[in-house]
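Please look through the chain below before reading the points. They are written for someone new to structure notes.

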Amino acid sequence: MVKLSRRALLALPLMAAAPTPATAWEFRFAALEGGEHDLAAWRGRVLLVVNTASFCGFTGQYAALQRLFEAQEAAGLVVLGVPSNDFNQESQDGRKIREFCDAQFGITFPMAALSRVRGPEAHPFYRWAASRAGGEPRWNFHKYLIGRDGKVIDQYNSMIGPESKTLVSAIDKALKAKP
């Protein structure tokens with residue numbers, strides 16, 4: 001028989017009472033420049049959440065993400081970059097991350113503060129998305145596509161670029177869906 005500590009027994013009702021978020025609109029990220037990004041502000045839009053890194057072989061995807069954002073923002077697409085050092089390829093300094101994004105790629109899409117995207121310490125959004133899309137990011141520039149209804153449509157690994165036919169087609173389909 002398994003013995004639980006008194007503390008564990010007391011925590012059970014609290015854990016059971018915490019409902020699992022139904023949509024992405026229930027999450028918030030600290031913003032790279034300070035403040036926060038409340039995903040609820042983008043309710044009814046299509047959201048592409050990408051864990052980014054400045055010193056990765058896929059860092060060039062920043063340019064494609066920026067082009068995608070510029071081309072589809074008016075149609076309802078939001079790209080959210082989430083810098084992460086989970087793969088040891090990102091600065092620990094938010095100011096340096098912002099300077100790099102601005103100087104190298106002219107990034108104008110929203111950027112979250114440095115966040116964990118894997119494991120038990122991952123940002124709650126990433127734990128939620130991984131549970132709905134079949135797994136957590138295996139590397140930088142992993143993408144989660146969120147529909148206008150706030151639900152995960154699919155995930156795309158690093159090898160699937162922002163301008164790939166597969167991802168662009170999925171985004172186009174999501175943009176055509178009613179909010």
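**Notes on the model**

1. T52 lies in strand β3; strands here are DSSP runs of E with at least two residues, and helices are runs of H or I with at least four, both numbered from the N terminus. The model is predicted, so local features need pLDDT of at least 70 and side-chain atom pairs count only at pLDDT 80 or more, while totals for chains, interfaces and linings use all residues. Residues are numbered from 1 along each chain as its sequence is written, and side-chain values use heavy atoms, with hydrogens and water left out.

2. Is T52 buried or exposed? T52 counts as buried because its relative accessibility is 0%. (Buried means under 20% relative accessible area, exposed over 50%, and partly exposed in between, with a 1.4 Å probe and protein chains only.)

3. Leaving aside residues up to four places away in sequence, T52 touches Y62, G81, V82, P83, S84, E90, M111, N140 and F141; a contact means heavy atoms within 4.5 Å. With Y62 there is also a polar contact between the two side chains, at 2.9 Å. (A polar contact is a pair of N or O atoms within 3.5 Å; within protein, one must be able to donate a hydrogen and the other to accept it, and residues adjacent in sequence count only if both atoms are side-chain atoms.)

4. Helix α2 covers residues 61-72, which makes 12 residues. From first C-alpha to last, α2 reaches 16 Å, close to the 16 Å expected at 1.5 Å a residue; the expected span is 1.5 Å times one less than the number of residues. The buried residues of α2 are Q61, Y62, A64, L65, Q66, L68, F69 and Q72. Their cover includes β3 (46-52), β4 (77-83), α3 (94-105), β5 (143-146) and α5 (165-176).

5. R116 sits in the loop between α3 and α4 (124-133). R116 counts as partly exposed because its relative accessibility is 40%. Its side chain and that of D86 are joined by a polar contact of 2.7 Å. Beyond four places in sequence, R116 touches S84, D86, E121, A122, H123 and Y126. R116 and F87 are 29 residues apart in sequence, and their C-alpha atoms are 9.9 Å apart in space.

6. For the chain as a whole, the secondary structure comes to 5 helices and 6 strands. From the N terminus, the order is α-β-β-β-α-β-α-α-β-β-α. Of its 179 residues, 49% count as buried. Among contacts with a separation of 6 or more, 65% are between residues 24 or more positions apart.
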